[in-house]
Amino acid sequence: MKLDLLEVVAAISDLLDLAGIDHYLHGKRVATMATECAHILHLGPASHAGLVLAALLHDLGTTAAQSCTPLEVELESEGARLHCERGAWLLRELSPLSHLVPVIRYHHTHWEKLPKDLDPELGRDTNLIFLIDRVDALTAPHIGAADFHQHRDESRRVIAERSGSAFSPKLVEAFLKASVRSSFWYLEEPKDGLHESFGLVPQWTDFDYEELRDLARIFSILADGRNEGAMESSLRLSDLAYALASRLGLEPELVEKIAVAAVLHDIGGVSVLDALRERVRPDRTTVLHHTFRVYQILRSIHGFEDIVLWVAMHHESLERATDAPPPGDELPLPARILAVADACYTLAHEEAARNLPDSVLAKLKELGTAGRLDPRIVAELEEHQGIYWPLVA
């Protein structure tokens with residue numbers, strides 16, 4: 001499947017914002033200010049694109065717990081090191097973006113301490129993102145305040161003082177030139193289309209099945225608040241959906257897309273709102289709004305529309321279980337497969353119990369008779385439970 005890398009990375013950045021994992025618009029502000037510095041540095045299109053992608057992704061490893069603390073103004077801290085390593089770990093398996101792993105890993109490392117064997121262009125991007133990240137940490141809390149210009153000038157002083165140690169003199173010089181203009185400080189969010197805002201062209205890139213699954217895994221981890229247990233469940237459910245779709249005779253490409261959708265099946269459900277719940281318990285309207293926002297974010301990736309639609313429809317069918325759901329034939333087959341796989345896995349692990357196949361199948365057949373699940377898929381699961389049950393238990 002061909003996907004545009006900027007759309008993929010922008011969606012990850014949007015999820016960081018929505019889940020409250022990153023400070024709101026921080027990644028986009030860093031990317032926007034880094035773009036202004038890139039113009040001063042006369043970076044070519046490829047170098048500029050790599051810088052923007054890395055800037056949007058740089059806080060990929062920040063945890064939900066860290067997001068509750070204020071932006072740190074220290075140049076180095078244990079928390080910063082940990083989230084750098086975490087982000088590099090999450091990105092390492094996604095080959096279309098794995099070239100950015102060193103930038104993510106070292107984006108809180110002083111210029112004078114960067115590995116000597118680091119590629120010079122990656123070293124430049126790493127240090128520039130570190131520089132702009134610290135600028136935003138110093139100034140973002142004061143955006144809109146009457147004394148914002150004072151904090152802006154203070155950040156310029158702090159960065160200039162660390163030229164040659166924390167930051168490359170060449171990058172400091174570029175930042176000081178770019179930040180003279182008032183417009184540099186008020187580019188809080190891209191106002192036009194993403195590509196126009198960052199001056200980039202689409203970067204259509206082939207993602208194979210394993211890469212799509214790794215990408216879905218990143219989205220699921222971000223939306224799930226990095227709940228490792230939930231992540232394992234999503235991957236096992238994906239294996240179950242893959243097996244069901246394969247034995248039902250679907251085309252291989254469609255089978256793979258269903259398995260990717262299964263990894264995403266609960267994205268935007270409950271865990272994405274954990275940060276909000278710590279402040280105030282939201283009502284159902286708020287929950288559904290945030291759920292819908294996650295679907296909107298993922299559907300903005302051209303090529304992901306049908307995958308996200310299946311996830312959304314599977315979610316809607318379960319949400320409406322106490323009403324009169326539409327007949328199964330009105331739902332796409334992939335959505336019905338997801339619904340059966342999800343129900344099977346949930347029942348098998350209900351209340352942390354290990355329910356036996358017979359009891360699970362009995363409940364699935366009841367749901368099929370009631371019109372909440374596709375009886376044909378339930379029958380397939382029952383007939384070949386020896387194949388499917390090891391994927392669930």
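The talk below goes from confidence to fold, then to one helix and the cysteines.

Trainee: How far does the confidence go, on average?
Mentor: Keep in mind that this is a predicted model. The protein chain averages a pLDDT of 83, and 79% of the residues score at least 70. By element, helix H9 (residues 169–178) has the highest mean, 98, while helix H14 (residues 274–277) has the lowest, 46.

Trainee: Where does pLDDT stay under 50?
Mentor: One stretch is residues 275–280, with 6 contacts beyond four places in sequence. Another is residues 317–328, where the model has 10 such contacts.

Trainee: What is the protein chain built from?
Mentor: You'll find 20 helices and 2 strands. Of its 393 residues, 53% are buried. Take the contacts between residues at least 6 apart in sequence: 74% of them join residues at least 24 apart.

Trainee: How do I check the length of a helix, say H17?
Mentor: Count 1.5 Å a residue: H17 (residues 333–348) has 16 residues, so the helix should span 22 Å. Its end C-alpha atoms lie 23 Å apart, which agrees.

Trainee: Is H17 mostly covered or mostly open?
Mentor: Mostly covered, with 14 of its 16 residues buried.

Trainee: How many disulfides are there?
Mentor: A search of the whole structure gives 0.

Methods. Residues are numbered from 1 along each chain as its sequence is written. This is a predicted model: local features need pLDDT of at least 70, side-chain atom pairs count only at pLDDT 80 or more; totals for chains, interfaces and linings use all residues. Side-chain values use heavy atoms; hydrogens and water are left out. A disulfide is a pair of cysteine sulfur atoms within 2.5 Å. Helices (H or I, at least four residues) and strands (E, at least two) are DSSP runs, numbered from the N terminus. The expected span of a helix is 1.5 Å times one less than its number of residues. Buried means under 20% relative accessible area, exposed over 50%, partly exposed in between (1.4 Å probe, protein chains only). Contact means heavy atoms within 4.5 Å. pLDDT is the predictor's confidence in each residue, from 0 to 100.
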